[in-house]
Amino acid sequence: MNLELGEEQTAVRQLARDFVGREITPNVVEWDRAESVDRSIVKKLGALGFLGLTIDEEYGGCGGDHLTYCLVTEELGRGDSSVRGIVSVSLGLVAKTIAAWGNEAQKRQWLPRLTAGDALGCFGLTEPGTGSDAGNLTTRAVREGDDYVVSGSKMFITNGSWADVVLLFARTNDTPGHKGVSAFLLPTDTPGLTRRTIHGKLGLRGQATAELVLDDVRVPAAAMLGPEGKGFAIAMSALAKGRMSVAAGCVGIAQAALEAAVGYAGEREQFGKPIASYQLVQELVSDISVDVSAARLLTWQVADLVDRGKDFATAASRAKLFASEAAVRAANNALQVFGGYGYIDEYPVGKLLRDARVMTLYEGTSQIQKLIIGRALTGVSAF
Ligand code: FAD
């Protein structure tokens, strides 16, 4: 694996860094308090190509590599995890899955709009009663002529209030467990689908997270993504790549924590000297920097495997597990450097810690990542 970035990769990372400095950083405190990022950010992300980085050019994307995707995701995560999540879900979980599993008509229908930011995607797997145990979901899709009629509900759906299309997972037959699950591309303006925005989140407050309720929603059979009964495999393939994206976002959080902690340690004086001169403070920033570098390398390793067409799922779980725990540690250490000021939301580190906290929970909790890694090592499944 070559750790030296190419010219184009460096340029795209700089583009993302400039975008964050111009469009995101000045607004994060306000968006966090308002519990909503400015929706115009979606179109701006699309205009820069960030919503189509790894999608083929013929469908409106940039046809880029996954390391570049991770570089952009890290920069967005460094700026605001709520914005980073918009890209990780609409591109990473939805558009990429349509590109991988969709037929030509589905690709033409959705990909150009998703990559341009003219449409936003959300990923509807989790339900009120099934999170880690997603294969036992209960939303049902019953065949009626040329349609399926879908009933059930989906919980904690990122982009849910804003999305134009939901990649929806529903049970199409009575086979117990994941074998009865199929995937659908459902426009969110379909009659019978209602959305409730979830307020009061600890972090990611700027993100439009919603509960979706489906009451006899009619969806044409042609909207099924991939073969019937393959929905769970489709969801898992999406999440494996999604974990790389979450890991990259976590590197961004940890990097932001490092920059904030080093900056503050140099400015803040106690006992007549900058606190940076105290070895115990140096230990805090040193620990953050080790977490940043280790998380970044694990994440780049996944991107390298994906780009070379190698098996990457276990490496993605490893990177997501480490990077998410590292982001929480890094933000917490940075908050310690800031002292009492770290506890006030005008300073960046409190938000970093709140945003980081969900990373060990979604797209598979840390416990689930350990079970996936353990299964790969031992050949024995705990599920
Ligand atoms: P549970 O599954 O109920 O887990 C509770 C605890 O039990 C955890 O600590 C877990 O690790 C542990 N546990 C469960 N099973 C085991 C086991 N076998 N062994 C050991 N420990 C176990 N979902 C989507 O589909 N789409 C989205 O866009 C999306 N976005 C989200 C955004 C936010 C802000 C949040 C909070 C969640 C989001 N989710 C989304 C849902 C997320 O993926 C789930 O919350 C997550 O999978 C965990 O499920 P759960 O919350 O039901 O917890």
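Which pocket is the space taken by the ligand?

Analyst: This is a predicted model, where local features need pLDDT of at least 70, side-chain atom pairs count only at pLDDT 80 or more, and totals for chains, interfaces and linings use all residues. Residues are numbered from 1 along each chain as its sequence is written, and side-chain values use heavy atoms, with hydrogens and water left out.

The ligand takes the space of the largest pocket. A pocket is an open set of points on a 1 Å grid over the protein atoms alone, where a 1.4 Å probe fits, with protein on both sides within 12 Å along at least five of seven lines.

Around the ligand are 15 residues, each with a heavy atom within 4 Å of it. Phe123, Thr126, Ser132, Phe156 and Thr365 come nearest. The shell holds 8 nonpolar, 6 polar and 1 charged residues. Domain 2 (123-227) and domain 3 (233-378) each give at least three of the shell residues.

Now the polar contacts (pairs of N or O atoms within 3.5 Å). A ligand nitrogen lies 2.8 Å from a backbone N or O atom of Phe123. A nitrogen of the ligand is also 2.8 Å from a side-chain N or O atom of Thr158. The side chain of Gln367 has an N or O atom 2.8 Å from a ligand oxygen. Taken alone, the ligand exposes 970 Å², and the protein buries 65% of that (Shrake-Rupley method, 1.4 Å probe).

Methods. A polar contact is a pair of N or O atoms within 3.5 Å; within protein, one must be able to donate a hydrogen and the other to accept it, and residues adjacent in sequence count only if both atoms are side-chain atoms. On a 1 Å grid over the protein atoms alone, a cavity is a set of points where a 1.4 Å probe fits but cannot get out, and a pocket is an open set with protein on both sides within 12 Å along at least five of seven lines; lining residues have an atom within 4 Å of a point. A molecule sits in a cavity or pocket if more than half of its atoms lie within 2 Å of its grid points. Ala, Val, Leu, Ile, Met, Phe, Trp, Tyr, Cys and Pro count as nonpolar, Asp, Glu, Lys and Arg as charged, and the others, Gly among them, as polar. Domain bounds come from an automatic or database domain assignment.
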